[in-house]
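I opened the notebook to look up charged side-chain pairs. Entries follow in the order I checked them.

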Amino acid sequence: MNDAHQTHLVHPDHSDRQVRPVRLGPRSVAALGLVTAIGIVAFGWPLFAGGDSSLSAHAKDAPWLFAALLPLLLGVVVATIADVGLDAKAIAMLGVLAAAGAALRPLGAGTAGIEPMFFLMVLSGRVLGPGFGFVLGSVSMFASALLTGGVGPWMPFQMLAMGWVCMGAGLLPGPDSLRGRGELYVLGAYGAVSSVLYGTVMNLQGWPYIGGLATGVSFVPGDPVGENLARFLAYCLATSLGWDLPRAVVTVALSLTLGPAVLKALRRATRRAAFETPVTFEPSRR
């Protein structure tokens with residue numbers, strides 16, 4: 001057979017090419033906007049409830065939120081695939097990273113805020129992009145709850161909050177150009193801020209229930225939003241800051257020390273999965 005007519009598959013060498021995060025298309029933006037709006041309402045509606053509103057209804061939010069969250073997460077995945085044409089390899093990578101995140105969480109088990117899961121979620125969100133990052137954070141938190149027995153009314157709120165953390169990492173500036181120490185500093189700073197904000201948002205889910213204690217930091221149904229927010233800030237400073245700050249420190253330390261290796265591995269895996277690589281044919285050569 002004439003070698004000139006022999007062909008073989010060629011995947012161009014992209015070892016020096018920057019791997020771009022998965023982009024957001026119009027369907028992905030719409031799906032993420034919907035799930036974010038639902039999450040904001042679920043977290044914040046007690047602040048705007050009247051004084052005669054019963055918070056017992058808020059205690060029953062979790063099953064309804066969870067029931068709405070699962071199809072919305074699937075919708076984000078489907079919308080992202082429809083927008084950018086990803087295939088099963090991207091879903092497989094999502095599953096592997098979610099399993100890794102779930103396995104990391106019990107290492108600290110939330111002790112004094114030491115949660116190594118956060119740095120992996122931030123770095124993965126950076127590489128995978130905001131759409132898949134949101135799904136990764138939510139699914140990782142769901143899997144870790146099953147693994148640690150932490151299933152409760154707080155779980156769907158944790159899924160939303162962690163999804164926002166990963167989505168924010170995917171929205172950070174310079175996804176195509178920022179590399180090296182500069183990127184690590186940006187990710188470390190974001191990891192610190194998001195670690196504190198995660199604890200703050202989760203406080204908002206449980207804080208209205210302490211209204212019956214009648215303390216100076218208790219939620220008062222029907223009071224002006226500004227006054228309740230001032231009490232909420234005092235509540236966070238008094239109760240959770242000792243957990244949130246160590247979480248931020250651990251996230252920054254792991255991002256700066258392990259970040260280069262983890263980012264390199266994630267980008268290499270994305271590159272080898274060939275999400276953006278066209279298959280070409282060319283004549284074989286001896």
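For helices I took DSSP runs of H or I of at least four residues, with strands as runs of E of at least two, numbered from the N terminus. The model is predicted, so I kept to its limits: local features need pLDDT of at least 70, side-chain atom pairs count only at pLDDT 80 or more, and totals for chains, interfaces and linings use all residues. Residues are numbered from 1 along each chain as its sequence is written, and side-chain values use heavy atoms, with hydrogens and water left out.

Entry 1, helix 8. I found Arg231 and Glu227 both in helix 8 (residues 225-239), 4 residues apart, about one turn of the helix. Their side chains form a salt bridge (a side-chain nitrogen of Lys or Arg within 4 Å of a carboxyl oxygen of Asp or Glu), at 3.8 Å from N to O. I noted Arg231 as buried at 18% relative accessible area (buried is under 20%, exposed over 50%, partly exposed in between; 1.4 Å probe, protein chains only). Glu227 is partly exposed at 42%.

I looked up Arg247 and Asp244, which are 3 residues apart in helix 9 (residues 241-272), about one helical turn. The closest N and O atoms of their salt bridge are 2.9 Å apart. Arg247 is buried at 6%, and Asp244 is buried at 3%.

Salt bridges with shared partners join Arg126, Arg179, Glu183 and Arg267 into one network. I read 3.9 Å, N to O, for the bridge between Arg179 and Glu183. Arg179 is partly exposed at 24% relative accessibility, whereas Glu183 is buried at 2%.

My search of the whole structure gave 6 salt bridges.
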